[in-house]
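Subject: Structure handover

Hello,

Here is the structure I said I would pass on. My notes on it follow below.

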Amino acid sequence: GIVDGRAPTEAVVAFQDYHRYYWLWSDLWRVDLTTGRRTRLTDGKRATDPDVLPGGAFVAYVARVAPGEMALERLWLDDGSTERLFQIPGAQIYLPRISPDGLRIAFELQEGARRDIAVWQAGRVVRVTNGDALDTSPEWLPDGRLLFSSDRTGIYDLYLFEPGPGGWSATAAAHPQPLLP
């Protein structure tokens, strides 16, 4: 992810490197796009899929926390502190994407054979989708609506989700709409 989208001079990337001489693990690095200089941000987190809040306050990423265990974590770029936001034993987490206002993080959540889109907000996770379709690749639009890809009709298409009057807590009865009919 780019640290500052207005004048992209830095990026945060997941890069594989040796951890404690013997293991090849992925960690987060800050890269100066002008000089190529790298600064390690995590050490031994096995971190992937970084997304940077516009303006660069924090990075959301996926950490491999134990064999077969994944967690959604946040790294504050000013002081390097991290916090675990979400983890379910046995669940796999992919592609966290931070909302434009920084209050929510959408991500792919796979439990068993089901891959759905979920949204984290203020310590709570709500599933935006909950079905047999493969729902992937969440992206926020500037107005706060959520775009994702799904094979719910047998072929992949883009779908748009708008929270109802109850906001993100009222997603159980929501039905995402195809972007193009």
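**Charges, rings and strands**

R152 lies over the face of Y159, with 4.9 Å to the ring centre. Please keep in mind throughout that this is a predicted model.

R152 has a second contact, a salt bridge with D135, in which the closest N and O atoms are 3.0 Å apart. This pair links distant parts of the chain: R152 sits in the loop between β13 (146–150) and β14 (157–161), while D135 belongs to strand β12 (residues 135–140), and the two are 17 residues apart. Are the two partners buried or exposed? D135 is buried, because its relative accessible area is 1% and buried means under 20%. R152, at 34% relative accessibility, counts as partly exposed.

**Other salt bridges**

How many salt bridges are there in the whole structure? The search finds 14. In general, side chains of opposite charge can pair when their charged atoms come close.

One of these salt bridges joins D116 and R127, at 2.9 Å from N to O. D116 lies in strand β10 (residues 114–121) and R127 in strand β11 (residues 124–127), so the pair ties together parts that are 11 residues apart in sequence. D116 counts as buried at 1% relative accessibility, whereas R127 counts as partly exposed at 26%.

Another salt bridge is formed by E83 and R74, whose closest N and O atoms are 2.9 Å apart. E83 is partly exposed, with a relative accessible area of 29%. R74 has 10% relative accessibility and therefore counts as buried. R74 also lies over the face of a ring, that of F58, at 5.0 Å from the ring centre.

There is also a network of salt bridges, which links D27, R40 and D43.

**The sheet β4 to β7**

Strands of a sheet pair through backbone hydrogen bonds, either parallel or antiparallel. In what order do the strands of the open sheet run? The sheet has 4 strands in the order β4-β5-β6-β7, and their pairing is antiparallel. The edges are taken by β4 (47–52) and β7 (82–86); each has a single partner strand, so one side of each is left without a neighbour in the sheet. On average, neighbouring strands of this sheet are turned by 30° against each other, direction ignored.

The partner of β4 is strand β5 (residues 58–66), and the two pair in the antiparallel sense over 4 bridges. If you want a place to start looking, A47 stands opposite A63 in β5.

**Aromatic pairs**

The whole structure contains 3 aromatic pairs, as found by the search. Among them is the pair of F86 and F107, which is tilted, with 5.5 Å centre to centre and 45° between the planes. F86 is in strand β7 and F107 in strand β9 (residues 104–111), so that the pair links distant parts of the chain, 21 residues apart. F86 is buried, with a relative accessible area of 12%. F107 counts as buried as well, at 0% relative accessibility.

Regards

Conventions: Residues numbered from 1 in each chain as written. Predicted model: local features only at pLDDT ≥ 70, side-chain atom pairs only at ≥ 80, totals over all residues. Heavy atoms only, no water. Salt bridge = Lys/Arg side-chain N within 4 Å of Asp/Glu carboxyl O. Buried < 20%, exposed > 50% of the residue type's maximum accessible area, 1.4 Å probe, protein only. Pairing = 2+ DSSP bridges. Axes fitted to C-alpha atoms, helices over the stretch in contact; angles between N-to-C directions. Phe/Tyr/Trp six-rings, centres within 6.5 Å; stacked < 30°, edge-to-face > 60°. Lys NZ or Arg CZ within 6 Å of the ring centre and 35° of its normal.
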